[in-house]
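Subject: Structure handover

Hi,

Here is the structure for your files. Please open it first, then read the notes below.

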Amino acid sequence: GALAPLLVARAVQAVGGAAALVAAFALLEPGGAAGARGRRLWLGAAVLSAAIGPALGGALTEALSWRAIFYVQAPIAAAAALTALAEPGAAGRTTAPDPRPLAAGPAIALALVSAALTAVLFLLVLLLVAGWDVAPLRAALTVTVIPAGALLGARVRGSAWARAAAGCALVAAGVLALAFLPDARLWWTVAPQAAAGLGMGLVLPALGGDLLPERDARDAARLLVLRHVGIALALAVLAPIVSQQLDAATRRAQERGIAVVLDAKLAPTEKLRLAPGLFAGVESERPRAGLRAALQRGRGDVAGGERPEYQRLSDRVDETLVLAVGEAFRTAFLVTGALALVAAVAVLPRRGRVRRPSARTALAGVAGTLVVLPVAYVALHAAFAPEPVPIRDPCQRRELPDTGGLQGFLQDRALELLDTTACRFGSSREELVLALADDQERQRYEREHGVDPTSLDALRALLG
């Protein structure tokens, strides 16, 4: 239940993992007697293990628990240890004493494209599970597109410079497209994942061993350091950005959702009871799950004749939250996509390095994908994403629900009082409603606007 033991255990695991990876390279001998076969095994393990991790983790989380991810690693690592001990002659193998210098462009590209891949290997899974409330197993099945694309990309042959540049560009195209997913339907993620997975399969083999030396365990260790430094730095930089923006997005969704409820054609007694509680309990860790639970609770208290309007309200509020979550992840996807673009520039083939017309044609096609895929998703987002709910100025006159009868009359007067009060204190009426319903929101309102809204007895009484 504490963070410190987890971090210590992860540090021990990291030391063991580092030693195991370097030793595994030495045992496979990609630069020695095993030759091409050892290299194929090493590259296949490197690409597949990175690509399949999120899918396997999601399946284990859904079937058992998140702890199962760690439990399953233990027997696999133990079997690997026994296999290494049984390898004939393993104890006598050594590494070459003088490593070659790393070329600056490919080295930078390897670190940056590894950082960019965090977007599809980590951030996408976080978006699906935490942001969209997709079951871990469904999320795992969705991200199997990545290893499939990686397997295909790893089989492509040709100029290492062309493959490296094309791979970085495809990763960039896929990640940038993820920044503009129109809504929470999973099939929107397929094309960006396929592009990023294909790029991953192209770039990692092209950089590791072709453009950057990987003859022995020391070379392999240097490349592993480059890859994991890129991944660690990306996570260290992006995690607080995503966390802060997810908090801000949740708050934005709360206010927009309150606006939807207040403008709905529901009976006043239903609406004014529903509005404060609907969003006050939505947690930013899994905002859509909290919203769905709140909507389900509210559904049972709505009269039968109000159910169709309540369903329309529920759909609109859900769309509002999904839109806000997408906005929260957009910066991270744009940053990691830009990193992959810089990586592509770092290994862009110089004149004379790509002589075959087929390679030049392939590069031109990848360049087209780099432009077309993100632009297409920007257009799809503009066409299919729901319109954001406007937070209107309470000082300006607006249309009232006017549901009729005495209750409708009282509702309209309550909304007018909300607007008048919010205008006087310089807030939106949605902020005011949240502050009346939740103690943390009340404290925030008092800090920002200098007044405790719960002291407004007449307003509280009218809102019930």
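Arg-424 sits over the face of Phe-425, 5.0 Å from the ring centre. The rule for a charge over a ring: NZ of Lys or CZ of Arg within 6 Å of the ring centre and within 35 degrees of the ring normal.

On the basis: this is a predicted model, where local features need pLDDT of at least 70, side-chain atom pairs count only at pLDDT 80 or more, and totals for chains, interfaces and linings use all residues. Residues are numbered from 1 along each chain as its sequence is written, and side-chain values use heavy atoms, with hydrogens and water left out.

Aromatic pairs

The count is five aromatic pairs. Rings of Phe, Tyr and Trp (its six-membered ring) pair if their centres lie within 6.5 Å; planes under 30 degrees apart are stacked, over 60 edge-to-face, the rest tilted.

Trp-188 and Tyr-377 have ring centres 6.4 Å apart and planes at 75°, so this pair is edge-to-face. Trp-188 is in the loop between helix H7 (160-178) and helix H8 (190-207), and Tyr-377 is in helix H13 (residues 357-384), 189 residues apart. Helices are DSSP runs (H or I, at least four residues), numbered from the N terminus.

Trp-188 is buried, at 6% relative accessible area. Tyr-377 is buried too, at 6%. Buried means under 20% relative accessible area, exposed over 50%, partly exposed in between (1.4 Å probe, protein chains only).

Trp-188 also pairs with Phe-384: centres 5.9 Å apart, planes at 40°, so tilted. This pair ties together parts 196 residues apart in sequence. Phe-384 is partly exposed, at 47%. Trp-187, Trp-188, Tyr-377 and Phe-384 form one aromatic cluster.

Second largest pocket

The space in the second largest pocket is about 380 Å³. A pocket is an open set of points on a 1 Å grid over the protein atoms alone, where a 1.4 Å probe fits, with protein on both sides within 12 Å along at least five of seven lines; lining residues have an atom within 4 Å of a point.

There are 15 lining residues; closest to the centre are Arg-40, Leu-43, Gly-44, Ala-154 and Arg-157. Helix H2 (35-63) and helix H6 (145-154) each supply at least two lining residues. H2 gives the largest share, seven residues. By class, the lining has eight nonpolar, one polar and six charged residues.

A loop residue

Lys-265 is in the loop between helix H9 (217-263) and helix H10 (268-280). Lys-265 is partly exposed, at 46% relative accessibility. Its C-alpha atom is 8.9 Å from that of Tyr-310, 45 residues apart along the chain.

Best wishes

Conventions
Grid points are joined across faces, edges and corners, and a volume is the space filled by probe spheres set on the points. Ala, Val, Leu, Ile, Met, Phe, Trp, Tyr, Cys and Pro count as nonpolar, Asp, Glu, Lys and Arg as charged, and the others, Gly among them, as polar.
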